[in-house]
Structures are given as C-alpha cells and as structure tokens.
Amino acid sequence: YQRRVHGGKAPIVQFCYRNGGILDLVVEKTTEEQAQAAVVATFKRMFGDDAVLHDYTFYGDAEHSPPRYVLFVELVTGFEPSSEQWQELARVFEEEMCLANPYYKFSGRDPGRLGVPSVRRVSSGSFGALQQYTLDLAQGLGRNQVKVPRAIKVPEQYKILNDRVVFLAPYEG
C-alpha cells in the first residue's frame with residue numbers, strides 16, 4: 001500500500017490503494033478506482049446498467065507483445081449479449097480506459113507501448129472458484145474476509161479464470 005501523512009502534531013494517514021491494486025505495465029499506473037470506473041462506464045454505455053456484470057478482475061499480460069490488459073468478466077446468469085455486442089463492448093472498454101486514466105492513453109496506447117485490451121467472458125461460478133483458491137491460501141480466514149482481487153498477478157489465479165473463458169472479444173483497435 002501507499003500512504004500519505006498529513007497534519008501537524010497528530011498525523012492523519014490516508015491509504016491511497018490496496019497492495020497489488022495497481023496495474024502498471026509501461027508506466028501508465030492504472031488504479032483500482034480508474035479500472036472500476038472504466039468497467040462500470042462500459043457496461044452502462046452498452047447495456048444501460050452495470051447490473052448485468054456479476055464480477056470482474058484485470059490481469060496485466062506482460063508476456064503479450066506489446067503488453068496489454070486482460071479483463072475477465074462474469075455476467076449474471078441468463079444475460080447473453082450477442083457476439084456483435086461483445087465485440088462492441090471491447091471497443092467501448094478501451095475508450096473508457098482512456099477516459100478513466102489519461103496515462104493509459106498517452107503513455108501506453110497512443111505510442112503503441114500497450115496493446116489492445118482483451119475482454120474475456122468466463123463461465124458462471126468462475127469468480128467463486130477464484131475466491132475459493134484465495135481462501136485456501138489464506139488459512140483461517142472466513143469467506144467474508146477474502147475478497148476477489150481486482151488485479152490478479154499470481155499465475156494460478158490467471159489460470160483459474162483463463163481455463164473458464166467461454167467468449168473472447170478479439171477487438172483489434
């Protein structure tokens with residue numbers, strides 16, 4: 001985590017983000033708040049509401065050339081967007097990322113240092129499996145104490161979700 005200390009005699013501590021809550025592939029530093037704003041705005045633009053989104057997380061794919069963001073989403077049961085809507089969703093997501101974090105656009109996408117983001121839909125229950133994996137690692141904690149990470153960095157977490165992909169939006173930018 002990062003912290004800032006303010007004040008005179010008695011410091012006031014402000015936590016800026018959780019540890020691991022930032023994606024930074026090429027100096028763009030996308031915070032959890034910026035990523036969430038982009039995801040919510042994308043679903044509101046596409047479907048009028050973000051209620052169709054069950055859960056989401058990001059992965060910074062540094063192995064891809066150029067590096068890119070991968071957005072894993074699980075939709076509510078029964079909601080089935082068309083492949084055309086899914087393709088459009090990937091384009092809108094990139095636009096919203098550029099609006100939410102200007103550094104994503106100017107330091108990453110515009111100079112070509114970041115690749116086009118990949119949006120992957122995972123099957124129902126995928127985030128439950130991710131939470132269970134995280135819970136298994138955090139021995140002694142209850143389910144309500146373990147949150148799904150918004151930025152995954154552990155290869156096993158990536159594998160859990162990537163093995164459950166049911167639709168990939170290959171947006172080409």
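The outward face of helix α5, turned away from its buried side, carries P155 and K159 as exposed residues, where exposed means over 50% relative accessible area, buried under 20%, and partly exposed in between, with a 1.4 Å probe and protein chains only. This is a predicted model, in which local features need pLDDT of at least 70 and side-chain atom pairs count only at pLDDT 80 or more, while totals for chains, interfaces and linings use all residues. Residues are numbered from 1 along each chain as its sequence is written, and side-chain values use heavy atoms, with hydrogens and water left out.

In α5, which spans residues 155–162, the buried residues are Q157, Y158, I160 and L161. They cover an arc of only 160 degrees around the axis, which puts them on the same side of α5; the arc is that of the directions from the helix axis to the C-beta atoms. Among the elements that cover these buried residues are β3 (53–61), β5 (118–122) and α4 (126–137).

The packing of α4 against α5 has an angle of about 155 degrees, and their axes lie 9 Å apart. The two helices are therefore roughly antiparallel to each other, a term for angles over 145 degrees. On the α4 side S126, F127, A129, L130, Y133 and T134 meet E156, Q157, I160 and L161 of α5, contact meaning heavy atoms within 4.5 Å.

Helix α4 also holds Q131, which counts as buried because its relative accessibility is 17%. Apart from neighbours within four places in sequence, Q131 is in contact with R143, V146 and V148.

Key: Helices (H or I, at least four residues) and strands (E, at least two) are DSSP runs, numbered from the N terminus. Axes are lines fitted to C-alpha atoms, for helices over the stretch in contact, and angles run from 0 to 180 degrees between N-to-C directions. Angles under 35 degrees count as roughly parallel, over 145 as roughly antiparallel, 65 to 115 as roughly perpendicular and the rest as oblique.
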